[in-house]
Amino acid sequence: MATQSLTVTASGSFSLTDSDGNSVFSYSPSFTTATEVTDSNHMHTGEILTNGTSATTINSALNNKDLVYTFIKNVDTDYVVTVIPDGDIIAHLNPGECMFSPVHVDGAGDASNNLDIQAATAAQKVQYLICDGKDTGINTDD
Amino acid sequence: MAKNYTLAVSLNMSATTSTGYSQSQSGAFTLNITGVDQIATGRIDCATGSDGTIMAAPGYGKAIYVKNLDDANVLEVYSGASSDNDLIGVLKAGEFLFVVLRDTNTVTARGLGGTVTAEYFAVEIDTNA
């Protein structure tokens with residue numbers, strides 16, 4: 001039986017500076033997951049124009065709804081884009097902004113399937129990378 | 001006089017299969033923040049079964065970074081109380097998340113399977129950021 005084997009690496013750099021030029025904090029986290037076969041089916045990237053201001057699904061039916069490593073960037077110029085797994089809002093991204101999170105789409109164990117994006121006012125373009133991760137086994141209220 | 005701030009952000013994610021197929025995405029941006037009164041940063045122990053508060057309710061929104069410093073247990077991160085159905089991310093040992101949320105919810109986290117130490121910052125943002 002064939003299997004899919006996936007590895008994710010994420011890194012970031014965050015620094016806050018005040019108006020006098022003083023550094024308030026600086027963080028540079030990174031991690032690489034173990035190579036996982038369990039729950040691994042699909043990793044995909046792309047650029048999509050939202051369906052007007054309607055919720056637009058970007059995950060696939062094959063993605064593991066219990067854990068998908070998710071990078072999303074608003075690459076348009078006009079309006080905020082909201083990131084909505086399982087009907088809950090986890091980010092509001094202005095043009096040029098991006099996010100990263102290991103997302104639990106099926107938070108309530110209620111067979112929620114969709115990781116959606118939704119633009120305000122008019123359609124916007126979004127880039128994304130979504131990769132399955134191994135289920136943590138949680139079954140929270142969301 | 002209250003100070004103004006600049007938050008510089010850079011994010012990268014790559015995914016690879018055992019066949020060598022690889023995809024990646026990255027982004028970078030800055031937020032210029034004025035007129036805010038809450039910058040929270042540090043480390044907090046998040047117990048199992050109760051919410052640890054990362055940030056009290058902001059006036060308009062926030063930029064959030066949380067990293068799970070534990071070597072085994074999972075950390076759940078919420079915008080709002082954990083009963084309010086806004087799970088931002090589920091962090092395994094060593095993993096982190098970063099999001100921007102333009103809402104007035106508190107930010108909370110809780111460990112699963114044991115107390116988890118979280119490293120975090122939560123910067124309040126204003127309407128112009």
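Four strands of chain B build an open sheet, in the order E4-E9-E6-E7. Their pairing is antiparallel. The edges belong to strand E4 (52-55) and strand E7 (87-91) of chain B. Each has a single partner strand, so one side of each is left without a neighbour in the sheet. Neighbouring strands of this sheet are turned by 25 degrees against each other on average, direction ignored. All of this is read from a predicted model.

Look at one end of that sheet. Strand E6 (residues 74-79) of chain B joins E7(B) through four bridges, in the antiparallel sense. One residue pair marks the spot: Leu75(B) has Leu91(B), in E7(B), as its bridge partner.

Now step back to the whole of chain B. The chain has ten strands and zero helices. Along the sequence, the pattern reads β-β-β-β-β-β-β-β-β-β. The C-alpha atoms of chain B fill a box of roughly 55 × 35 × 25 Å, taken along the principal axes. Chain B has 129 residues, and 48% of them count as buried. Among contacts in chain B with a separation of 6 or more, 73% are between residues 24 or more positions apart.

E1(B) pairs with E2(B) in the antiparallel sense, over twelve bridges. Within this pairing, Ser10(B) stands opposite Ala28(B) in E2(B). The two strands form a hairpin with four residues between them. There, Gly20(B) takes a positive phi near 95 degrees.

E1(B) also reaches across to the other chain. Strand E1 (residues 6-18) of chain A is joined to E1(B) by 13 bridges, and the two run antiparallel. Thr7(A) has Thr16(B) as its bridge partner in E1(B). Ser15(A) has Ala8(B) as its bridge partner in E1(B).

How many residues of each chain are in contact with the other? The count is 48 residues of chain B and 53 residues of chain A. On the side of chain B that touches chain A, several strands each supply at least two residues, including strand E2 (22-33), strand E3 (39-46) and strand E10 (116-125) of chain B. The largest share of that side, 13 residues, comes from E1(B). By class, the side of chain B that touches chain A has 24 nonpolar, 17 polar and seven charged residues.

Six bridges tie E6(A) to strand E9 (residues 98-103) of chain A, in an antiparallel arrangement. In that pairing, Ile72(A) stands opposite Met99(A). Seven bridges join E6(A) to strand E11 (residues 125-132) of chain A, again antiparallel. Tyr69(A) stands opposite Cys131(A) in E11(A).

Terms used
Residues are numbered from 1 along each chain as its sequence is written. Chains are lettered from A and ligands numbered from 1 in the order in which they are written. This is a predicted model: local features need pLDDT of at least 70, side-chain atom pairs count only at pLDDT 80 or more; totals for chains, interfaces and linings use all residues. Two strands pair if DSSP finds at least two bridges between them. Axes are lines fitted to C-alpha atoms, for helices over the stretch in contact, and angles run from 0 to 180 degrees between N-to-C directions. Two residues are in contact if their C-beta atoms, placed from the backbone, lie within 7 Å. Ala, Val, Leu, Ile, Met, Phe, Trp, Tyr, Cys and Pro count as nonpolar, Asp, Glu, Lys and Arg as charged, and the others, Gly among them, as polar. A residue is buried if 20 or more other C-beta atoms lie within 10 Å of its own, exposed if 12 or fewer, and partly exposed in between; C-beta atoms are placed from the backbone.
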